[in-house]
Amino acid sequence: MDFVAKRFNELSLDEYHELLKLRCAVFLVEQQSPYQEVDDADKEAIHLYFRNGEGALGAYARVLPAGVTHPTASIGRVIAVDRGCGAGRRIMEEAIRIAQEELDADVITIEAQVQARGFYDKLGFVQTSDEFDDGGIPHIEMQLKRA
């Protein structure tokens with residue numbers, strides 16, 4: 001897989017359209033979660049994605065600076081299209097690296113779906129909130145602190 005990291009103004013219209021299409025297909029259609037998927041935070045984000053060997057999107061995440069959606073840097077909209085092959089772990093490892101190196105983040109916040117808690121636990125994230133509903137799906141806030 002080829003890794004790409006671009007800020008909003010570096011994305012082509014075709015790239016952004018493809019990323020939004022994937023996000024809507026997963027979060028709105030597949031998960032049947034009605035919420036405002038396209039938001040102004042995209043303009044502040046570093047968008048990360050992988051393409052698989054056929055050139056299709058394999059994984060996606062966005063990294064946001066502190067103060068955009070949380071007081072700390074944050075990672076969101078995490079998608080692994082190619083599941084079970086390490087794409088989710090790899091996109092998260094890259095997102096963590098980008099947050100720490102490019103945004104100088106000592107703390108990274110995520111809002112994780114409860115069913116994915118174990119995945120984020122393995123990456124070092126720790127639950128920091130009670131369970132809450134987001135678009136009809138149970139979530140928890142989690143944080144990763146730089147060692």
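Visitor: How many of the residues in S3 are buried?
Guide: In this predicted model, eight of the eight residues of S3 are buried, and the strand is thus described as mostly covered.

Visitor: Which way do S2 and S3 run, and how many bridges join them?
Guide: S2 and S3 run antiparallel, and six bridges join them. Within S3, alanine 61 stands opposite leucine 48.

Visitor: Is arginine 77 buried or exposed, and why?
Guide: Arginine 77 counts as buried because its relative accessible area is 18%, and the cut-off for buried is under 20%.

Visitor: What about aspartate 104; where does it lie?
Guide: Aspartate 104 lies in the loop between H2 and S5. Its phi is also positive, near 55°, and the residue is not a glycine.

Visitor: Buried or exposed, and why?
Guide: Aspartate 104 is exposed, because its relative accessibility is 58% and exposed means over 50%.

Visitor: Changing topic: how many residues are in the largest nonpolar core, and which have the most contacts inside it?
Guide: The largest nonpolar core has 27 residues. Those with the most contacts inside it are Val63, Ile75, Ile108, Tyr120 and Phe125.

Visitor: Which elements supply at least two residues each?
Guide: Strands S2 (46-51), S3 (57-64), S4 (73-80) and S8 (137-145) each do so, as do helix H2 (87-102) and S5. The largest share, seven residues, comes from H2.

Visitor: What does isoleucine 108 touch?
Guide: Leaving aside neighbours within four places in sequence, isoleucine 108 is in contact with Thr72, Ala73, Ser74, Ile75, Ile96, Ala99, Gln100, Phe125, Met142, Gln143 and Leu144.

Visitor: Which residues belong to the second core?
Guide: The second core is separate and has 11 residues, including Leu11, Leu19, Phe27 and Leu57.

Visitor: Now threonine 109. Where is it, and is it buried or exposed?
Guide: Threonine 109 is found in strand S5, which covers residues 107-113. Threonine 109 counts as buried because its relative accessibility is 2%.

Visitor: Which side chains make polar contacts with that of threonine 109?
Guide: The side chain of threonine 72 is joined to that of threonine 109 by a polar contact of 2.5 Å. A polar contact of 3.0 Å joins the side chains of threonine 109 and glutamine 143.

Visitor: What else does threonine 109 touch?
Guide: Not counting residues up to four places away in sequence, the residues touched by threonine 109 also include His70, Ala73, Ser74, Ile75, Glu141 and Met142.

Visitor: Which backbone nitrogen lies 2.8 Å from a polar atom of its side chain?
Guide: It is the backbone nitrogen of serine 12 that lies 2.8 Å from a polar atom of the glutamate 15 side chain. Setting aside residues up to four places away in sequence, glutamate 15 touches Lys6, Glu10 and Tyr49.

Definitions and conventions. Residues are numbered from 1 along each chain as its sequence is written. This is a predicted model: local features need pLDDT of at least 70, side-chain atom pairs count only at pLDDT 80 or more; totals for chains, interfaces and linings use all residues. Side-chain values use heavy atoms; hydrogens and water are left out. Helices (H or I, at least four residues) and strands (E, at least two) are DSSP runs, numbered from the N terminus. Buried means under 20% relative accessible area, exposed over 50%, partly exposed in between (1.4 Å probe, protein chains only). A polar contact is a pair of N or O atoms within 3.5 Å; within protein, one must be able to donate a hydrogen and the other to accept it, and residues adjacent in sequence count only if both atoms are side-chain atoms. Contact means heavy atoms within 4.5 Å. A nonpolar core is a set of buried Ala, Val, Leu, Ile, Met, Phe, Trp, Tyr and Cys residues joined through side-chain atoms within 4.5 Å. Two strands pair if DSSP finds at least two bridges between them.
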